[in-house]
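Visitor: I would like a close look at a single part of this model. Please keep it brisk.

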Amino acid sequence: MRAGFVMSEVGIGLRRNLTMTFAVVITVAISLSLLGIGLLSNSQVRTMKDYWYDKIEVSIFLCGPLSETPSCAGGPVTAEQRLEIQQDLQELPVVQTVYYESQSEAYQRFQERFKDSAIAQNVTVDQLPESFRVKLKDPTEFAVVESAFSGRPGVDVVQDQRAILEKFFSLLNVLRDGALVIGLASVLTAALLISNTLRIAAYNRRRETTVMKLVGASSFSIQLPFLLEGLFAAIVGWGISTGILSGLKYVVDDRVAPLLTFTNFFTWNDVWVASAYLLITGVVVSGFASILTLRKYLKV
Amino acid sequence: MIRFEHVTKTYAKTDKPALSDVSIDVAKGEFVFLVGQSGSGKSTFLRLVLREEKASSGTIHVAGKDLGTLSNWKVPELRKQVGTVFQDFRLLPNKTVFENVAFALHVLGHTKKEIAREVPEIVELVGLAEKLDRRPGELSGGEQQRVAIARAYVSRPAILIADEPTGNLDPGTSIGIMKLLDRINREGTTVVMATHDSSIVDQMRKRVIELESGHVIRDQVRGVYGYTG
């Protein structure tokens, strides 16, 4: 068969079944958009992790007059203990930098962070502990630091900021997984709709396909126009879904980013990568749905 | 051209075979009538020739191909050599006479130029040169069957299968169709025609194969329809 003839058959098929074609395009667009939102939330979680993990530290709080842990039974940390801790920290291979925060620095930071709150006025310098702020080469190596310093005389608590973030991220992961599941479920719906639509199309054109079969058309050439119709709907739907994701990116950059300054957001590159995955998903899913349906209903 | 050797066909979920130990040899260029009552196995015979069905046992050769070993993807090759005409014409109602005949050539990959040359030629042969732009709905039954024959014959198949081609037509029109089939046969195409129409069979005096309950009960060189008429 000539390409021109195949294309004219595809055109006839799409026009004759215009409302169904429209339904398929919209369903594909929506389902791919949902899947794309799932993919972008994945990018977003990753971006936030990179942003935060880069900033988090391990805090080693030293014993003060108010400390109650057993390792602080000997009273506030002595100058020798402090020096020893600092030296040991700097010798640990997992440690990148060590910063000593004195009580007065801790007080300043506290005042700054809670400057609009009444609590700032009720805190005095000696109530806040001095600490070492340790930045690790790999933020997941916290256990090394903890086992080395926890319970040591002069050390009150070893605190990993990552533990706090992990709770937040595990919540985000659940949301992301939910978005991906909804996306995949709707892609499955789109596949079923494509399958049903092609079945109707094959039924509507059974006269043509019977004649094609009789004059000796191959299965492939009989199925090709239907396959192309499915792909056409998938690609138009994909185009719309990429538009929707781009719109989402604009809204995030324009409206959300100025309000939420504590993190970065997914990039345009993430949008294009997601879009590429959506194109592959759309083509593969529609191709599979078409081929399986047509094999069943358009046998030679 | 068509050779059945001890062919039995039993459809799934039935005990009684539709064709039972049938051996038939149709030579190149023959004209054969296939007669018998409904359910005698005529349609099964034709379906086997087109390989819409496979024989349960026995061997079938059509146009030099052993249908028992013919792989599915080669079936289109077989069907290009076997033209088919049916009682219900099977024309595409939205297409003109020209487009209906051209459809077959498009499917077979002919170029527009070839189609523009071949279609009017064959339509003239079947006597519809004046009606190239009509749609099937605007034609009489006989004319529609002529279009169907043109479509089946335009690619010059070696064999033409006609399943009750005059079943929906009045006797006068039927004679015209038979003359056309006879002419196609005289150009060298093997024609196998299944029919109930006794007067046609009696007039044509061609080879007659009669089937009853899946068995060949008669194979006459210059036969008539049958003693019961």
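Visitor: Which residues does Ala217(A) touch, not counting residues up to four places away in sequence?

Guide: First, the ground rules. This is a predicted model, where local features need pLDDT of at least 70, side-chain atom pairs count only at pLDDT 80 or more, and totals for chains, interfaces and linings use all residues. Residues are numbered from 1 along each chain as its sequence is written, while chains are lettered from A and ligands numbered from 1 in the order in which they are written.

Now the contacts. Ala217(A) touches Met212(A) and Ile222(A) in its own chain, plus Pro76(B) and Val107(B), leaving out residues up to four places away in sequence. Contact means that two C-beta atoms, placed from the backbone, lie within 7 Å.

Where does Ala217(A) sit? It lies in the loop between helix H7 (206–214) and helix H8 (219–256) of chain A. Helices here are DSSP runs of H or I with at least four residues, numbered from the N terminus. Ala217(A) counts as buried because it has 25 C-beta neighbours inside 10 Å. The cut-off for buried is 20 or more other C-beta atoms within 10 Å, with C-beta atoms placed from the backbone.

Next, the wider interface. In total, 15 residues of chain B contact 15 residues of chain A. On the chain B side, helix H2 (75–80) and helix H3 (97–107) each supply at least two residues. That side divides into 8 nonpolar, 4 polar and 3 charged residues. Nonpolar covers Ala, Val, Leu, Ile, Met, Phe, Trp, Tyr, Cys and Pro; charged covers Asp, Glu, Lys and Arg; the others, Gly among them, are polar.

Note on methods. A residue is buried if 20 or more other C-beta atoms lie within 10 Å of its own, exposed if 12 or fewer, and partly exposed in between; C-beta atoms are placed from the backbone.
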